[in-house]
Amino acid sequence: MNFSDLASKALRDEALSRDEARAVLCASSNDFEAVMEAARSVRETYFGRRVKLCLLLNAQSGICPEDCSYCSQSKISTAPVEKYRLLAPEKIVERAQEAVEAGATRFCMAIAARGATERDIQHIGQAVEQIKSDPKTAHLEICTSLGLLNEQKCQELKRVGVDYVNHNLNTGPNFYPKICSTHTFSDRLDTLRNVQSAGLSTCAGGIVGLGESVDDLLDMAFALRELGVTSIPINVLLRIKGVSLENNAPVPGLHALQAMCLMRLTNPRAEVRAAAGREKLGELQPRVLWPANSLFVDGYLTTPGESAATVKAWVEAAGFEIETPVAV
Ligand code: SF4
């Protein structure tokens, strides 16, 4: 396979064929650098050497009635995570201020729930309106991850100033019933379509290491393309004690990187975000910036990550630059 031809194809906005996408994900170690180079050239065309920092808030933790088998907050998890109901708007606003101090330009908030209630949306809306009306935080892109949402709830999020709604596909449709029984892949697609109908941008990605096949990851990559998702977080499974998938095999670093390259080459203009688990790549971690243009700082929903200072140091050492706000 000529991977530079695949980069050219992606840059012409042409979809890779299934065989080409498979070649990216399954390339031998001899072809690894060629795959990375193809992803880098596409990434640099749309995002230069810039890296967007995102800061995440777990706004309601550990009390989800769903049974997602990878999640430490699900009803079937025994992981010792903090449990609390939706934080007060002022706590959410405080965390947005911390996002600015950390140099993040996107502030993401998530709740552990099947789906936000109307009251939750109102409550989050108050916080978002405050964030957007304060000159110190107004430039932050706001992303909310609130579970399954109907169109009316999405419209309300749009009204208060939310920019993105995150709702991950997590894997392909055939494997989905193996990782969750309380909702379906098509429920997730419905939410993403509601997000788009309301004029909000979509953030949706997945997790590598659930036990999925190559075809499941290909299915997910093409489903994201078909939806026109604009932000794609890729997580590497965190094998947290007490979570059903805690004994899954660790994900080889090269495979995780090739999965990110797959997302970049199948969704060339999307933001690709190296999310939870990237730290497990060790020395290979800076290579996530070949396909990805966005990173989380200061931890994840229930697990610690790297501080903003640590992330900035290795990003700059790798020759990339931290994105600054467009207008303050
Ligand atoms: S819906 Fe979200 S918070 Fe709830 S178990 Fe699934 S992944 Fe975890």
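Helices H5 (residues 118–133) and H6 (residues 151–160) pack against each other at about 20 degrees, and their axes sit 9 Å apart. That angle is under the 35 degrees cut-off, so H5 and H6 count as roughly parallel. Keep in mind that this is a predicted model. Besides the helix pair, there's a ligand shell to look at, plus a few individual residues.

**The H5/H6 pair**
- As for handedness, H5 and H6 make a right-handed crossing.
- On the H5 side, the contact is made by Ile121, Gly125, Val128 and Glu129.
- Their partners on H6 are Lys153, Glu156, Leu157 and Val160.

**Around the ligand**
- Which residues surround the ligand? They are Cys64, Glu66, Cys68, Cys71, Gln73, Ser74, Ala112 and Gly147.
- Sort that shell by type and you get four nonpolar residues, three polar ones and one charged one.

- As background, most residues other than glycine have a negative phi.
- You'll find asparagine 170 in the loop that runs between strand S4 (164–166) and helix H7 (176–179).
- Is asparagine 170 buried or exposed? With 23 other C-beta atoms within 10 Å, asparagine 170 is buried, because 20 or more is what it takes to count as buried.
- Aspartate 298 is another non-glycine with a positive phi, this time about 65 degrees.
- Aspartate 298 sits in the loop between strand S9 (294–297) and helix H11 (308–317).
- The C-beta count within 10 Å for aspartate 298 is 22 others, so this residue is buried too.

**Alanine 317**
- Alanine 317 belongs to helix H11, the helix that spans 308–317.
- Alanine 317 has 9 other C-beta atoms within 10 Å, so it is exposed; the label applies because exposed means 12 or fewer.
- How far apart are alanine 317 and proline 286 in sequence and in space? They're 31 residues apart along the chain and 8.9 Å apart in space, going C-alpha to C-alpha.

Conventions: Residues numbered from 1 in each chain as written. Predicted model: local features only at pLDDT ≥ 70, side-chain atom pairs only at ≥ 80, totals over all residues. Near = placed C-beta within 6 Å. Nonpolar A, V, L, I, M, F, W, Y, C, P; charged D, E, K, R; others polar. Axes fitted to C-alpha atoms, helices over the stretch in contact; angles between N-to-C directions. Helix = DSSP H or I, 4+ residues; strand = E, 2+ residues; numbered from the N terminus. Parallel < 35°, antiparallel > 145°, perpendicular 65-115°, else oblique. Left-handed = near helix turned anticlockwise from the far one by under 90°. Contact = placed C-beta atoms within 7 Å.
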